[in-house]
Amino acid sequence: MVERIWLDVPYSEKDQAKAAGARWDPAAKRWYAPRKGMTALEPWTAAPDVPGLLPGEDRTLGQGLFVDLVPSICWFTNVRSCVTPRDWERLRRMITRRAGMRCEACGAGEDRTAQRWLEAHERWVYEDAARVQRLKRLICLCTDCHTVTHYGYAQVRGLEAKAFAHLVKVTGMSRAEARRHIDMAFTVWDVRSATTWTLDLSILTDAGITLKRPPSAAKRPGVAKATLAAERGAPRPARARVDTGEIVARIAVERGIALSGAASASPQPVPGLGDQRNSH
């Protein structure tokens, strides 16, 4: 087999790369140049692979499947928003490859018919005294498991029953145990959302990933509000206000999912969350 001339093509640029002559290898799940000297493909020249273990990464952190909610002020300033699309593609490729193209929580592979994909999810540790939110692991999850981790998103999108059933199936919890687990996850989320955290992404920078400088801890709540307002086509709110519509929009942006106008404009009550509008 002829050695491939691999390319780094973000999903958002696949059409441009294809028009410039790139081809897709379905086995490797990666774009390549069919021959040398194709100058039109130079913008996607491959960078060196990301190491299979990031410096300081703990691949034992957060084993299995559980509801894993990110504090509300941290929306819009996650890892994906701090790296270029090409570097995110390099990270995603490393994460799925080292997982053997299987979900690290349930073992499932991709299934186009079932609309199940492999996605990158971040595991964080929270250092309360220093108010530091430190990235310690990147994990490969299938769409079903990833939906469970973002359980609030599942609720407002009408996927709670499916997410709940998947949580019970994969973990072996009873329904009562699963409910207690979900309630505790939202309690922890509520407490953490009251703290302003400073991002520590050193496991990426130490691996040679170039980051856009994350906003300072003091600016992150404002970034969340302003970005949300822009997403919804509304002026920046005068005061903090977190409702279920914001939860939908922010988690969707975090996951790179485009919301329909109807979904973002018509929030629904979130079972288990209560009324969040005046809690922060």
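Mentor: The discussion below concerns this predicted model and sets its computed values against the definitions of the terms.

Trainee: Why is Glu3 called exposed?

Mentor: Glu3 has a relative accessible area of 72%. The term exposed applies over 50%, and therefore Glu3 is classed as exposed. Glu3 lies in the segment before β1. Its C-alpha atom is separated by 9.9 Å from that of Pro34, which is 31 residues away along the chain.

Trainee: What makes Arg30 count as buried?

Mentor: The relative accessibility of Arg30 is 9%. Buried means under 20%, so Arg30 counts as buried. Arg30 belongs to strand β3. Leaving out residues up to four places away in sequence, Arg30 touches several others, including Trp6, Asp8, Trp24, Asp49 and Arg93.

Trainee: Which backbone atom lies 3.1 Å from a polar atom of the side chain of Arg30?

Mentor: That atom is the backbone oxygen of Leu7. A polar contact requires N or O atoms within 3.5 Å, and the separation here is 3.1 Å.

Trainee: What makes Trp6 and Tyr32 an edge-to-face aromatic pair?

Mentor: Their ring centres are 6.2 Å apart, and their planes make an angle of 80 degrees. The limits are centres within 6.5 Å and, for edge-to-face, planes over 60 degrees apart; therefore the pair of Trp6 and Tyr32 is edge-to-face. The pair links distant parts of the chain, since Trp6 in strand β1 and Tyr32 in strand β3 are 26 residues apart.

Trainee: Which term applies to Trp6, and which to Tyr32: buried, partly exposed or exposed?

Mentor: Trp6, with a relative accessible area of 28%, is partly exposed, because that term covers values between 20% and 50%. Tyr32 has a value of 10%, which is under 20%, so Tyr32 is buried.

Trainee: In which helix do Phe186 and Trp189 lie?

Mentor: Both are in helix α7 (residues 175-192), three residues apart, about one turn of the helix. Phe186 has a relative accessible area of 7% and Trp189 one of 5%. Buried means under 20%, so Phe186 and Trp189 are both buried.

Trainee: How do you know that β5 and β6 are paired?

Mentor: β5 and β6 share three bridges in the parallel sense. At least two are needed, so β5 and β6 pair. In β6, Thr198 is the bridge partner of Val132. Helix α3 (residues 85-98) packs on this sheet and touches β4 and β5.

Trainee: Which residues touch the most other members of the largest nonpolar core?

Mentor: That core has 45 residues, and Leu54, Leu91, Leu135, Leu201 and Leu204 touch the most other members. Strand β5 (residues 132-142) gives the most to this core, with six residues. Beyond its neighbours within four places in sequence, Leu54 is in contact with residues including Met94, Leu138, Ile203 and Ala207.

Terms used: Residues are numbered from 1 along each chain as its sequence is written. This is a predicted model: local features need pLDDT of at least 70, side-chain atom pairs count only at pLDDT 80 or more; totals for chains, interfaces and linings use all residues. Side-chain values use heavy atoms; hydrogens and water are left out. A nonpolar core is a set of buried Ala, Val, Leu, Ile, Met, Phe, Trp, Tyr and Cys residues joined through side-chain atoms within 4.5 Å. Buried means under 20% relative accessible area, exposed over 50%, partly exposed in between (1.4 Å probe, protein chains only). Helices (H or I, at least four residues) and strands (E, at least two) are DSSP runs, numbered from the N terminus. Contact means heavy atoms within 4.5 Å. Axes are lines fitted to C-alpha atoms, for helices over the stretch in contact, and angles run from 0 to 180 degrees between N-to-C directions. A polar contact is a pair of N or O atoms within 3.5 Å; within protein, one must be able to donate a hydrogen and the other to accept it, and residues adjacent in sequence count only if both atoms are side-chain atoms. Rings of Phe, Tyr and Trp (its six-membered ring) pair if their centres lie within 6.5 Å; planes under 30 degrees apart count as stacked, over 60 as edge-to-face and the rest as tilted.
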